[in-house]
Amino acid sequence: MLESQRPNPFAMAQEQLDQAAAILQLDPSLHTFLREPMREMHVTIPLRMDDGSMRIYRGYRVQYNTARGPAKGGIRFHSAETVDTVRALAAWMTWKTAVVDIPLGGGKGGVVCNPKELSPSELERLSRGYIRAIGGFVGPEIDVPAPDVYTTPQIMAWMLDEYENMVRHHAPGVITGKPLIMGGSQGRFESTARGGIIVLREAAKQLGTALCGKTMAIQGYGNAGQHAHRIASGECETRVLAVSDSKGGIYSARGLDYAAVSAHKAATGSVRDFPGADNITNEELLTLDVDVLVPAALEGVITKANADQVKAKIVAELANGPTTPEADAILFDKGVYVLPDFLCNAGGVVVSYFEMVQNASAYYWTPEEVGQRLEAKMTTAYDAVHEMAQRHHVNNRVGAYLISVQRVAEAVRMRGWA
Ligand code: NAD
């Protein structure tokens, strides 16, 4: 699908909220307040290129809602980034921190750029330039960024260093997803996928089955998708038949070996042309005959145009916003069990929160401690969402919204903001 044909993600996010507000009979002023971001920054970042020329980049940081705590959310470097994408992602962060009940609000940032075209030193200067532009408005008690699409622990390290230069003291809690050596948390890099697999395991139990032996297709082979492949095929004995990245996908009826596919991607830059597998398109991957479909790339990929061809029985949304509201209704009518993004991919922000707690106390946990606490947060959140969805005869996304919107609305009301 062309970028210009993708649905507007912020309109999607507002429509999802409206549905929940109607069921909750939310006070109109609270509803109006929650439909818009509380604060947003639009910044211009000059970048000196390696050849001496200058380029000007556009950046955003949206602090959607801070009633329950400091804004929290990643920074995306992508050429198709728009302020509406950032607004939507910041809104979903607000509902995500609320559904897993951690004391944070929602935010998100982005720079309109193609990081694949930048040299490492240009990428470093752009990362530092972005944080200089927004640095006066972030901080451990204000707004805490993290990695997202095409941003890495190295980029977080540059941003932390630049921020600490500005404030002239150590402040590791200003950013999460940092390398371990700079105050990162054990388990952070795999946490988004790990949390998703915990939720998927609980859902399978609820549906009277188990993940072992099931088939899976994963769209996107970055942080979220690649770790999902490793954990699902290793620990859960799920057969991953297809994976993809921005260049396209691969399929093998026998299943794809994680170590071999990730080594092939590392060597060639893509999963395409993996020996022994067939090349497929990203669109074909979404409609494969598998038990579990895991969108783990970008938003707006399951739409009214392809939802009725989805054959998976469970859709586990590791990506943010992969399913449009029209597609949601089609999947629900078909009996597809959708694990909504802001529940399914919340493992990342949960361990980011653990990272902030460890930074604040300057005391670091073992991988086992992180794993146990993540397990507890994710299973509690899944149980609550499933129970809410059953009680109101709605899909899991609406169930999750009902929980989150109530929590955020209550904090907004108690503060007297609406
Ligand atoms: P990443 O940059 O590590 O990887 C992105 C992957 O998507 C890459 O493999 C890329 O090739 C692929 N991709 C890009 N455009 C594509 C397209 N048009 N079709 C198919 N694949 C495409 O990013 P990530 O951190 O894995 O994030 C992926 C999704 O997960 C995003 O929606 C992100 O918001 C969400 N998410 C990430 C985290 C996290 O902690 N990293 C947490 C929560 C949600």
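Colleague: In which loop is Y150 found?

Modeller: Y150 is found in the loop between strand 5 and helix 5 (153–167); helices (H or I, at least four residues) and strands (E, at least two) are DSSP runs, numbered from the N terminus. What you see is a predicted model, in which local features need pLDDT of at least 70 and side-chain atom pairs count only at pLDDT 80 or more, while totals for chains, interfaces and linings use all residues. Residues are numbered from 1 along each chain as its sequence is written, and side-chain values use heavy atoms, with hydrogens and water left out.

Colleague: Why is Y150 called partly exposed?

Modeller: Its relative accessibility is 37%, and buried means under 20% relative accessible area, exposed over 50%, and partly exposed in between (1.4 Å probe, protein chains only), so Y150 counts as partly exposed. Y150 also has a positive phi of about 60°, although it is not a glycine.

Colleague: How do you know whether H393 is buried or exposed?

Modeller: H393 has a relative accessible area of 69%, and therefore it is exposed. H393 is in the loop between helix 13 and helix 14, and its phi is near 55°, a positive value in a residue other than glycine.

Colleague: And is N396 buried or exposed?

Modeller: N396, which is in helix 14 (residues 396–415), has a relative accessible area of 7%, so it is buried. The side chain of N396 reaches the backbone oxygen of V338 at 3.1 Å. Contact means heavy atoms within 4.5 Å, and N396 touches, among others, Y337, L339, P340 and H386, not counting residues up to four places away in sequence.

Colleague: What makes helix 12 mostly covered?

Modeller: Eleven of the 15 residues of helix 12 are buried, including G347, V350, F354 and M356. These buried residues pack against strand 3 (71–78), helix 3, strand 5 (143–147), helix 6 (191–206) and helix 13 (367–392).

Colleague: How do you know that the span of helix 12 is close to the expected one?

Modeller: Helix 12 (residues 347–361) reaches 21 Å from its first C-alpha to its last, close to the 21 Å expected at 1.5 Å a residue, where the expected span is 1.5 Å times one less than the number of residues. Helix 12 is followed by A362, whose phi is positive, near 50°.

Colleague: Which residues touch the most other members of the largest nonpolar core, and what makes a set of residues a core?

Modeller: A nonpolar core is a set of buried Ala, Val, Leu, Ile, Met, Phe, Trp, Tyr and Cys residues joined through side-chain atoms within 4.5 Å. In the largest one, of 89 residues, L34, W95, L200, V243 and L339 touch the most other members. Its largest share, eleven residues, comes from helix 3 (residues 83–99).

How values were computed. Polar contact = N/O pair within 3.5 Å; in protein donor to acceptor, adjacent residues only side chain to side chain.
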